[in-house]
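This briefing covers aromatic contacts and surface charge. Please consult the sequence and the structure shown below.

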Amino acid sequence: MSTQTEVIDGYVAGTWKIDTVHSDVSFYVRHLGVSKVRGHFAAFEGTIVTAEDPLESTVNAVIRTDSVSTNNEGRDTHVRSADFLDVEQFPELTFSSTGIRAKSSEVFEVDGDLTLHGVTKPVTLALELNGFGTGFDGTVVAGFSAATEISRGEFGVTGGPAGAAVSDKIRIALEIEAAKADA
């Protein structure tokens with residue numbers, strides 16, 4: 001993920017599987033305009049392909065919507081309901097990259113299609129390449145941080161009567177560690 005004149009220190013091309021034990025998919029929304037309510041998804045998977053030309057790399061991920069947790073069972077039940085995620089009808093949230101642009105040798109913009117609540121919209125992730133390394137067992141690993149903000153209304157997530165208490169904007173944060181799958 002560089003321009004032709006930049007070199008990414010330690011860059012490794014290959015196919016990577018997201019390590020869910022060492023990764024986090026989280027979000028926050030404003031509640032009543034005064035506080036942030038945070039949550040995360042516990043069940044997700046994904047594949048990252050770092051191409052020889054880093055700007056041709058790809059990302060595909062799937063998140064199980066019923067794995068949402070905000071550390072409050074009553075709220076989680078409501079978030080899983082038809083008012084918000086409607087997990088029975090829409091059990092997955094997906095992301096598929098469509099392009100990558102370099103901001104520097106470590107910061108990129110990843111464009112892609114996000115499908116949430118049966119609606120697909122383009123989004124851009126601000127991505128930081130944290131680096132490449134070797135795990136204790138010799139597995140080659142890579143680390144990435146990414147963030148974006150979406151409008152839940154654009155995805156048809158109204159919130160029902162409680163929707164007025166929750167901001168339309170949802171901030172999404174990803175901390176991803178991936179293991180090289182094609183070693």
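Predicted model: local features only at pLDDT ≥ 70, side-chain atom pairs only at ≥ 80, totals over all residues.

Which residues form one aromatic cluster? The members are Tyr 11, Trp 16 and Phe 132.

**Aromatic pair of Tyr 11 and Phe 132**
- The ring centres of Tyr 11 and Phe 132 are 5.6 Å apart and their planes stand at 80 degrees, so this pair is edge-to-face; the cut-off for that class is an angle over 60 degrees.
- Tyr 11 belongs to the segment before strand 1 (14–18), while Phe 132 is part of strand 9 (residues 119–134); the pair therefore ties together parts that are 121 residues apart in sequence.

**Aromatic pair of Phe 27 and Phe 41**
- Phe 27 and Phe 41 make a tilted aromatic pair, with 5.6 Å from centre to centre and 45 degrees between the planes.
- Distant parts of the chain are linked by this pair: Phe 27 sits in strand 2 (residues 24–31) and Phe 41 in strand 3 (residues 35–41), 14 residues apart.
- Phe 27 has a relative accessible area of 15% and is therefore buried, the cut-off being under 20%.
- Phe 41 also counts as buried, at 9% relative accessibility.

**Surface charge**
- A patch of negative charge on the surface brings together Asp 9, Asp 24, Glu 106, Glu 128 and Glu 175.
- Within this patch, Glu 106 is located in the loop between strand 7 (92–102) and strand 8 (107–116).
- The relative accessible area of Glu 106 is 48%, so this residue is partly exposed.

Terms used. Residues numbered from 1 in each chain as written. Heavy atoms only, no water. Patch = residues over 30% accessible without salt bridge, like charges linked within 9 Å, V, L, I, M, F, W, Y side chains within 5 Å. Areas by Shrake-Rupley, 256 points an atom, 1.4 Å probe, with all protein chains shown as cover. Salt bridge = Lys/Arg side-chain N within 4 Å of Asp/Glu carboxyl O. Lys, Arg positive; Asp, Glu negative; His and termini not counted. Charge placed at Lys NZ, Arg CZ, Asp CG, Glu CD. Helix = DSSP H or I, 4+ residues; strand = E, 2+ residues; numbered from the N terminus. Buried < 20%, exposed > 50% of the residue type's maximum accessible area, 1.4 Å probe, protein only. Phe/Tyr/Trp six-rings, centres within 6.5 Å; stacked < 30°, edge-to-face > 60°.
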